[in-house]
Amino acid sequence: MSALDAQARLEARVTGRVQGVGFRQFVRWHARQLGLTGWVRNEPDGSVYLVAEGPRERLEQLLRAVQQGPPAARVDDVQAHWLPAQGAFETFEIRWG
């Protein structure tokens, strides 16, 4: 296994116009296309929070997609944190609450 294949965990908070614009569905679609696991949810402060696990290279692809967002969204900032993978997820889902 190369360093690029090493499993990692990405946790990110996305701010801007990211609720009510299909942002969570956009993140889920991209994560699943990339074979990542984890979840995404709306936060009470108007941001979107996501946790994704998989190969670092694919997580970086997801991060680039999130920085753009779907057409109706406006991404102002993405606070990303890299952590070791925990292997806690089986799929990528939208969470509520």
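**A walk through the fold**

Let's start with the contacts: taking those in the protein chain between residues at least 6 apart in sequence, 77% join residues at least 24 apart. Keep in mind that this is a predicted model.

What do the elements look like in order? The protein chain runs β-α-β-β-α-β-β along its sequence, for a tally of 2 helices and 5 strands. As for overall dimensions, the C-alpha trace spans about 40 × 25 × 20 Å along its principal axes. The radius of gyration is 12 Å, which agrees with the value near 13 Å that a compact globule of 97 residues would have. Buried residues account for 42% of those 97 residues.

Now zoom in on helix H2, which covers residues 56-68. Its 13 residues stretch 19 Å from first C-alpha to last, close to the 18 Å you'd expect at 1.5 Å a residue. Which of its residues are buried? Those are Leu-59, Leu-62, Leu-63, Ala-65 and Val-66. They sit on the same side of H2 because they cover an arc of only 165 degrees around the axis.

And what does that buried set pack against? The partners are strand S1 (7-17), helix H1 (23-33), strand S3 (48-55) and strand S4 (74-84). Step off the end of H2 and you land on Gly-69, with a positive phi near 75 degrees.

Methods:
Residues numbered from 1 in each chain as written. Predicted model: local features only at pLDDT ≥ 70, side-chain atom pairs only at ≥ 80, totals over all residues. Heavy atoms only, no water. Helix = DSSP H or I, 4+ residues; strand = E, 2+ residues; numbered from the N terminus. Expected span 1.5 Å × (residues − 1). Buried < 20%, exposed > 50% of the residue type's maximum accessible area, 1.4 Å probe, protein only. Arc of directions from axis to C-beta. Contact = heavy atoms within 4.5 Å. Rg over C-alpha atoms; globule rule 2.2 N^0.38 Å.
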